[in-house]
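Here are some notes for a colleague who is opening this structure for the first time.

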Amino acid sequence: MILLTVISAGIANAQRAMVNVDSRNSASLNGRWKIMLDQGNIGDWKKIWIEPKPQKKTDFFEYSFDGAPELNVPGDFNSQLCELAFYEGAVWYKKTVTLFKKKNTRQFLYFGAVNYSADVYLNEEKLGSHEGGFTPFQFEITDKIKDGDNTIIVKVDNRRLENGIPGYGYDWLNYGGITRDVKIIETQRTYIQDYFIQLKKGSLNNVQGWIQLNGEKSSQKITVRIPELNTVYRTKTNSSGYAELEFSSQFKLWSPESPKLYRVIVETETDSIADEIGFRSIETIGNEILLNKKSIFIKAVNIHEENPMKKSRAFSLDDAKLLLNSAKELGCNMVRLAHYPHNENMIREAEKMGLMVWSELPVYQHIKFDDNLVPQKMDLMLQEMIGRDRNRCAVVVWSLSNETYSGTPNRDKALIGLTKKCREIDPARLVTHVINTQGYTNNSFNVWDPLYNYSDLIAINEYIGWYIPWQGKPSEVKWKIDFSNKPVFISEFGAEALYGTRNVPADQASYWSEEYQEQIYKNQIEMFNTIPNLRGVCPWILYDYRSLGRMHPVYQKGYNRKGLISENDEKKKAWHVMNDYFKEKENEK
Ligand code: GCU
């Protein structure tokens, strides 16, 4: 059933990471790593992964990690050294770790994420490479380690690729580096590589899932326990280590109001693993979104994976708590984690806090869909995204693209294919694309994109009032939506304001002011009342965040200022408009 490694020409060959690494026996490699900058990208030619060993007096090497600067891992490199503030290029990382071969044990080198590509070496031998900045991967090193000191070298390269995911252009800072945890994971010879334990689509008590073992002892007895419910389910894996799971129980369902999680223990004859899992059903019926069979209105906000106050890529539990507590305070029941899978701390903390999660692939705007490697890269990222979070009940939506254009060669075909793949891998969650190609003339919207035929939601990005002026009263907007039997979700709207820019004299341009942003929010909310089948809204964005394309020297300074909160944690006037609207929605329930 599950491919352990994905190998094809031009595509990275790292293994897909095993599930639930935090519950595994592991040693952290987080901490200080030595680095070498390689802006000229000559490190491959110099074979930097080979320790310089001068043979004779005249031998010299123009590289060495001895005396080299160090960086924190996890962490982006741009915010750690001022000379790397806007760096896009190769950086070589080195870590020495003491390891020992152990009987009946396998060892894996695991990365939570590396942006954008990683070439990984162990003891001067290449283990392989990975492409994609926001999903985990691993390499088996059982037969490659030596007793004692082992040297790990990683070439990290955050240069943009034309056929990359994302491609050349995106509206966020391209933080590079080893941005999430690094671990050495120890497993049994035959270990539990993956499992899927969630409710069957549309059911409130039937679990439908599977388990996948990895190792020579593939056919084993399996027990799944939920002690709190006295639930014990037994089955047996087949000769490829795979077993379907089907059982029912009286679950207290997970919801934002009561984010109930159960300790679930999976045991085999050679391994066992525990996880905190919630059970909920999410579906659309007609133009309703139903959570646990009840129609819901989604009160969401967009979040980038950035700690605003640290001006750095977020990765830690504290970063997650900061961002998610803010979303809670705004009145949200969901967070759209834009535009790429965020770190696992975000997902698990949202789950504990009772926030639904919208997880998205960085298939963003200008993607080269007619490049024959692109569909494979998207497929791999999809498997890695779902592979890590499929047991996270908070994740209710897989979003597969943002603002791509129907006219782009091969776009429809590639994304329809990706959608089908997503539904095959995970039939139990909502799947959608985010689109901004709708027409807006004479104060009327025309929503038509063919991709909506394959999406569970009509997710619309619109910036009326900011990029596009109103063409009439917001309360009189008309809608032509070719997909009337589906829930509509405004996945982005908003405007920019520099916190503190207020009471602009009438003779001066008022955009960038808090009042201007506030008014656009008020107008948008007026317009929301005109939208048929509106089942949720999601302002762009919770915090001002770094984006180099935002170049206004006074009002932006490399920041997208559409935050409801500044990067210094200051609430703008529009924050209160949004908070009041969410309170209203809450009271309507
Ligand atoms: C787009 C896009 C965002 C971007 C936003 C903006 O809709 O999805 O990534 O930041 O608009 O222009 O601010």
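1. A crossing of two helices is called left-handed if the near helix is turned anticlockwise from the far one by less than a right angle, and right-handed if it is turned clockwise; helices (H or I, at least four residues) and strands (E, at least two) are DSSP runs, numbered from the N terminus. By that rule, the crossing of H4 and H5 is right-handed.

2. The model is a predicted one, in which local features need pLDDT of at least 70 and side-chain atom pairs count only at pLDDT 80 or more, while totals for chains, interfaces and linings use all residues. Residues are numbered from 1 along each chain as its sequence is written, and side-chain values use heavy atoms, with hydrogens and water left out.

3. H4 and helix H5 (residues 411–425) pack at an angle of about 30°, their axes being 10 Å apart, where axes are lines fitted to C-alpha atoms, for helices over the stretch in contact, and angles run from 0 to 180 degrees between N-to-C directions. That makes H4 roughly parallel to H5, since angles under 35 degrees count as roughly parallel, over 145 as roughly antiparallel, 65 to 115 as roughly perpendicular and the rest as oblique. On the H4 side the contact (heavy atoms within 4.5 Å) is made by Met378, Asp379, Leu382, Gln383 and Ile386, and on the H5 side by Ala414, Leu415, Leu418, Lys421, Cys422 and Ile425.

4. Helix H6 (residues 514–528) and helix H7 (residues 573–588) pack at an angle of about 20°, with axes 7 Å apart, which makes H6 roughly parallel to H7. The crossing of H6 and H7 is right-handed. Among the residues that meet are Tyr521, Ile525 and Phe528 in H6 and Val577, Met578 and Tyr581 in H7.

5. Which residues have the most contacts inside the largest nonpolar core? They are Phe528 and Val537, and this core has 94 residues; a nonpolar core is a set of buried Ala, Val, Leu, Ile, Met, Phe, Trp, Tyr and Cys residues joined through side-chain atoms within 4.5 Å, and buried means under 20% relative accessible area, exposed over 50%, partly exposed in between (1.4 Å probe, protein chains only). Not counting residues up to four places away in sequence, Val537 touches, among others, Phe297, Phe489, Phe528, Met578 and Tyr581.

6. Val363 is found in the loop between strand E26 (356–360) and helix H4 (374–389), and this residue is buried, with a relative accessible area of 0%. Leaving aside neighbours within four places in sequence, Val363 is in contact with Ile165, Phe369, Met378, Leu400, Ser401, Asn402, Thr404 and Leu415.

7. Two cis peptide bonds deserve a look. The bond from Val73 to Pro74 is cis, with omega near 0°, and Pro74 lies in the loop between strand E4 (70–73) and strand E5 (90–99). A cis peptide bond also joins Asn115 and Tyr116, with omega about 15°, and Tyr116 lies in the loop between strand E6 (105–111) and strand E7 (117–122).

8. Phi of Asn292 is near 55°, a positive value in a residue other than glycine, and Asn503, which is not a glycine, has a positive phi of about 50°. Are these two residues buried or exposed? Asn292 counts as buried at 10% relative accessibility, whereas Asn503 counts as exposed at 62%.
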